Amino acid sequence: MYLADKVVQLAYDPGIKPNEGGLPGLAVLKQVMGSINLFGIIAVVGALAVSAGVWAWGHHSGGHQAEASGKKGVLVSAGAALLLGAANGVVAFFSTLGTQVR
């Protein structure tokens, strides 16, 4: 019975916590992720500019399909910028929320 009690306790709380200095190269990985995030934000700026141009062109030329596509592109670009900018906060929020699960 003693082993079964230990297994139940292990399944309940394994005692694993995030360790900041656990692996080598963590600083490099953080730099890479930050660079990928910046690349994404720059790409979103380009997508937003192109979508706004398509929206304006469709509106002034009477192309309703182009206008709708431009509007959709602007909204998707804005949503992507929101998610890229809030990535750290979203992950931190859900990580903190996850530590409270018992």
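These are my notebook entries on a predicted model of one chain.

**Entry 1: overall fold**

I started with the secondary structure. The chain has four helices and zero strands. Read along the sequence, I get the pattern α-α-α-α. Next I looked up burial. Of the 102 residues in the chain, 10% are buried.

**Entry 2: helices α2 and α3**

I then turned to one helix pair. Helix α2 covers residues 26-61, and helix α3 covers residues 64-85. How far apart are their axes, and at what angle do the two helices pack? The axes are 7 Å apart, and the packing angle is about 160°. An angle over 145 degrees counts as roughly antiparallel, so I log α2 and α3 as roughly antiparallel to each other. I also checked the hand of the crossing, and for α2 and α3 it is left-handed. I sorted the residues of this contact by class. The contact of α2 with α3 has 13 nonpolar residues, eight polar ones and two charged ones.

**Entry 3: two tryptophans in α2**

I picked out Trp 55 and Trp 57. Trp 55 is found in helix α2, and Trp 57 lies in helix α2 as well.

Trp 55 has a relative accessible area of 33%, so I note this residue as partly exposed. Trp 57 comes out at 58%, so I note Trp 57 as exposed. The cut-off for exposed is over 50%.

I also looked up a C-alpha distance for each tryptophan.

**Entry 4: salt bridge**

How many salt bridges does the structure hold? I find one. Its partners are Glu 67 and Lys 71, with the closest N and O atoms 3.9 Å apart. The cut-off for a salt bridge is within 4 Å. Both residues lie in helix α3. Glu 67 and Lys 71 are four residues apart, about one turn of the helix.

Is Glu 67 buried or exposed? Its relative accessibility is 14%, so Glu 67 counts as buried; the cut-off is under 20%. Lys 71 has a relative accessible area of 38%, so I put Lys 71 down as partly exposed.

**Entry 5: record check**

Last, I went to the UniProt record, an unreviewed entry. UniProt lists residues 36-58 and 78-97 under "transmembrane region". I compared both spans with the model.

Over residues 36-58 the chain is 100% helix and 0% strand. The end C-alpha atoms of this span are 32 Å apart. Residues 78-97 are 95% helix and 0% strand. For residues 78-97, the end C-alpha atoms lie 26 Å apart.

Technical notes: Residues are numbered from 1 along each chain as its sequence is written. This is a predicted model: local features need pLDDT of at least 70, side-chain atom pairs count only at pLDDT 80 or more; totals for chains, interfaces and linings use all residues. Side-chain values use heavy atoms; hydrogens and water are left out. Axes are lines fitted to C-alpha atoms, for helices over the stretch in contact, and angles run from 0 to 180 degrees between N-to-C directions. Angles under 35 degrees count as roughly parallel, over 145 as roughly antiparallel, 65 to 115 as roughly perpendicular and the rest as oblique. A crossing is left-handed if the near helix is turned anticlockwise from the far one by less than a right angle, and right-handed if clockwise. Ala, Val, Leu, Ile, Met, Phe, Trp, Tyr, Cys and Pro count as nonpolar, Asp, Glu, Lys and Arg as charged, and the others, Gly among them, as polar. A salt bridge is a side-chain nitrogen of Lys or Arg within 4 Å of a carboxyl oxygen of Asp or Glu. Buried means under 20% relative accessible area, exposed over 50%, partly exposed in between (1.4 Å probe, protein chains only). UniProt positions are given in the numbering used here, feature names are shortened, and annotations may be inferred rather than shown by experiment.
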